[in-house]
Amino acid sequence: MKRINWSSISYRKFSIGDILILLFIGSIIYAISSLNTYYTRPSEPLSFDLSPSKLPLYSLYSLIRVFLAYILSFIFTLVYGYTAAYNKKLEKILIPLLDILQSIPVLSFLPPVFMAVLALFPGSQIGLEITSIILIFTGQVWNMVFSFYQSLISIPKDLRETAQIMRLNPWQRFWYLELPYSAIGLLWNSMMSVAGGWFFLMACEMFTITNQDFILPGIGSYLSFASIKGDIPKILLGLFSLILMIILIDQLIWRPLIAWSQKFKFEFTESEESYESTILLWYRRSQILNFIREKFSSPIREKVNQYFVEKYKRAKFSSFSSNFGRIFNGFIIALIILLILRGVFGLGSLIFQLSFENWKIIILSALITFLRVSIAVIIGLLWTLPIGVKIGTNPKLTKIIQPIVQILASIPATAIFPIILVFLINISGGLNIASILLMLLGTQWYLLFNIIAGAISIPKDLLEVSNLMGIKKWEKWKNLIFPCIFPYLVTGGITAMGGAFNASIVSEYIVFSNRVIKTMGLGALITEASSMGNNSLLAGSTLTMAVMVVLINRLFWKRLFKLSEEKFSH
Amino acid sequence: MELLRLENISLSFKFPEGEIKVLDKVSFSVSEGEIISLLGPSGSGKSTILRIIAGLLRPQEGKVYYKGEELNGINHGVAMVFQNFALFPWLTVLENVELGLKVLGLPQEIRREKALKAIDLIGLDGFENAYPKELSGGMKQRVGFARALVMEPDILLLDEPFSALDVLTAENLRNDLIELWMEKRIPTKAMILVTHSIEEAVYIADRVLLLSKDPGRIIKEVKIEIPHWRDKKSKEFLNLVDMIYGILTGKPMEKLAFREKKHLFIPQAGVGAITGLIELVNDLEGPVDIYKLGEELLMDIEDLLPIVEASEILGLAEIKEGDFVLTNSGKKFAEADVLERKEIFKELAIEKVPFLKQIIRVLQSKSNHKAPRDFFLDLLKQHLSAQEAEKQLDVLIDWGRYAEIFEYDDNKDELYLSEILSMEKKS
């Protein structure tokens, strides 16, 4: 499971594009923090039906939400990726912007989304639903966009020319060239994204904004509510149904999809590596699916194709696209400029409101969170490194353990968190430990997966030779194992660290057994500011987190990544 | 009747340091019933001409007329067969062939019928539901042909369609194509074949247009009046081949070994592989069949070809009727010691690979004799996809480093001239 999101654009030079982006972040953060002042309503006591018989229904609700959010992400991915790949001017802004958007934690998006949606659907349940779906969306969309964009820009030239000479219209080009070429990358990233969706489900289904609590029926809110009440059996029940659902989805949807997607592999000779799925075979033999294919999907595809053929026949091809492109371009650029101007003024005035004292707290919190994240990653490394290597270098062990690890990894750590809290809550500094533990739980899997993959890639003969020669353990690690797994380690590390920062917002500030527990940290600051409606503080702390994550990625991980590519790749 | 006319076509690729003129005032016309061959060394812009005819590229000067009308955008009357097949790997043979008909919006039954007919015609029946990766190179190219022919184009554009195939397969496919054409089983009215093989051009075409390189110009038109099927061993045939060799190189026959080439882009072959191949062939003494060479080395022909092609571009070897023959430089190279080898390689590489020269020019023009990798990458990206550009630059750097033309700093991602080299320039 790779998730490397370096864009191919060079970051080395600080350009106007960078300034625009900085201004742009400003405007986003401003928008995020300014809107929630408009909303105030007396809070009412929360109620939620925790009876276990409701669990299947709740699970279904959540599933639908995650699914809708995924569809939204998919559409967004196509539009954003397309624009970035085909518009050279916008590419320079859109791609670095993704880095930043990716580093903004889910909860920071809450106030503006909430306000915007509520303005459209005042006082209705639909408004809340849409808010929740959009929140889940903000947690899962970014890496999909990266993957799609990367695929688009690397489509081989001769295939592009073929499409041109054959005069594929834009729809056909998309359907027969661009989408198939991107399919595998998109699929792996979709899996990661949906997993991310489960991770933040609890925060997305039950949230507090300007001191008012909102709750949507779902498995996430079930868990949240149960933990607020401190009801351990209910938490376990909820956890059980969540895990069951995730395993089912994995087996019934993702595995078959991955096996199926192998046909989109861009290769001209058959490879040895294969993904198999019995369930895919079942689907292939399914009568219902065949019926649907013959009676519905094929005719519909035919109709759609026909529609686009007619459409592009009438519209003069070249003039259409260029005119449309020009207008679209102009529109986007105008929009961006508008946003930037708004952002500069907005953020400026917000940040000015922050006193020196506030900044001191933000910076201190940032350092503490950074420390926690680092500790979590280091602890993760300490246990995953030896165990991962052990598993990876032993094929028998790999076969048995890998599926188990995959299932363990698919359990969203946030859901286990309340149980951990029960044990740690009364110890002094308990939340501090719990917080690190949550970060660890959420991110160690990325490390483990990557280390196993790296260990599998260690050449067998080299291992045997070093055993024969009786090379000391330490020497073997230094000269063989470490160099082999280093690139994988970096890949895992980037993902793990990013994930840990994001996890800080759900781990540093918690309502448990009807009381608020918090520990100092940037995540706590963001969560608190968002729920209290403190715009300036939310702006300041979100900005700090975004800048910190981006800086760490650029200054630390990207360098290690390059080093690993050059020195240690073999 | 005239189908196509090119008038004074000129085209340059622009780089920040200046332009490379690719085509210079190219004019010719194609009539119904003709097979034209564009023949010239690489760098003569013959594939570029094909792309201009197809409407993929717009010339900076000059006009293209198709059936008397000026061409504007993609040419509706052509279909193209590519050197590397350019098939969609996720579509089956049938779907690949059908795709172009979908563009026309034909109903499914008609599409299927036409596609199956084209598949039968080209001898692919039985493989309708196979994916390209299950097919051999020759079969893949047959799919390429079926895909083009199913569109019933007026003009079939052939961009070195046989050069990625092994010798026997290529011969087979060539004859099949001529047979289809002779027996008028395809409605194609004209074909334009781009090739760098003189023999292939003389074997297939009615008219061969000879191109010079840097920039590409038509230097001569040769009519081939031998009726099909042509006998490659006949005196008439051999005389034509020799004459064309002479015109293209402007040199007497015995010096033909140095068939000159300049490649804008170079194949994916590292210096080590090239050196190895040259040494091996030198040890074997005498010409080696490429196909057998592949077998002997247990290499797929696809893996071997870039190395062969690179040796050819550098002028270390040449391909004669499927045989790999070392040139004099090649022999010298094989027998030289490490340092001499570098010298030979350097000389040839600078001469034959324009982009290397470009790199040196850029580095020399900078006061610190340094330039970032990305700079050259951007240049390459004007003509190649991002991925291809990366690969291309990696090979260029490999060659340049080996030949000590320039140095490369892996940590900073910079190309630079070493001290001695920059001194040389000053003195």
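How many residues of chain A are in contact with how many residues of chain B? In this predicted model, 36 residues of chain A meet 29 residues of chain B.

## The side of chain A that touches chain B

Four helices of chain A, namely α7 (157-165), α8 (170-199), α13 (287-314) and α14 (317-353), each supply at least two residues of the side that touches chain B. The most is given by α7(A), with 7 residues.

Sorted by class, this side of chain A has 15 nonpolar, 11 polar and 10 charged residues.

## Overall form of chain B

The secondary structure of chain B comprises 16 helices and 16 strands. Its radius of gyration is 23 Å, close to the 22 Å that the globule rule gives for 427 residues, so chain B is as compact as a globular protein of that length. Along the principal axes, the C-alpha trace of chain B spans about 70 × 45 × 45 Å.

Of the 427 residues in chain B, 41% are buried. Among the contacts in chain B with a separation of 6 or more, 69% are between residues 24 or more positions apart.

## Domains of chain B

Chain B is divided into three segments by the domain assignment: domain 1 covers 2-253, domain 2 covers 271-335 and domain 3 covers 353-426. Between the C-alpha centres of domain 1 and domain 2 of chain B, the distance is 27 Å.

## An open sheet in chain B

Strands of a sheet pair through backbone hydrogen bonds, in either a parallel or an antiparallel manner. In chain B, 3 strands form an open sheet in the order β14-β16-β15, and the pairing is antiparallel. The edge strands of this sheet are β14 (370-372) and β15 (407-409) of chain B, each of which pairs on one side only. From one strand to the next, the twist averages 25°.

Between β15(B) and β16 (residues 414-416) of chain B, which run antiparallel, there are 3 bridges. Asp409(B) has Glu414(B) as its bridge partner in β16(B). Helix α14 (residues 373-381) of chain B packs on the sheet and touches both β14 and β16 of chain B. The direction of this helix makes about 60° with that of β14(B).

## Summary

The contact between the chains involves 36 residues of chain A and 29 residues of chain B, with α7(A) giving the most to the side of chain A concerned. Chain B itself has three assigned domains and includes an open antiparallel sheet in the order β14-β16-β15, on which helix α14 of chain B packs.

Terms used. Residues are numbered from 1 along each chain as its sequence is written. Chains are lettered from A and ligands numbered from 1 in the order in which they are written. This is a predicted model: local features need pLDDT of at least 70, side-chain atom pairs count only at pLDDT 80 or more; totals for chains, interfaces and linings use all residues. Two residues are in contact if their C-beta atoms, placed from the backbone, lie within 7 Å. Ala, Val, Leu, Ile, Met, Phe, Trp, Tyr, Cys and Pro count as nonpolar, Asp, Glu, Lys and Arg as charged, and the others, Gly among them, as polar. Two strands pair if DSSP finds at least two bridges between them. Axes are lines fitted to C-alpha atoms, for helices over the stretch in contact, and angles run from 0 to 180 degrees between N-to-C directions. The radius of gyration is taken over C-alpha atoms; the globule rule is 2.2 Å times the number of residues to the power 0.38. A residue is buried if 20 or more other C-beta atoms lie within 10 Å of its own, exposed if 12 or fewer, and partly exposed in between; C-beta atoms are placed from the backbone. Domain bounds come from an automatic or database domain assignment.
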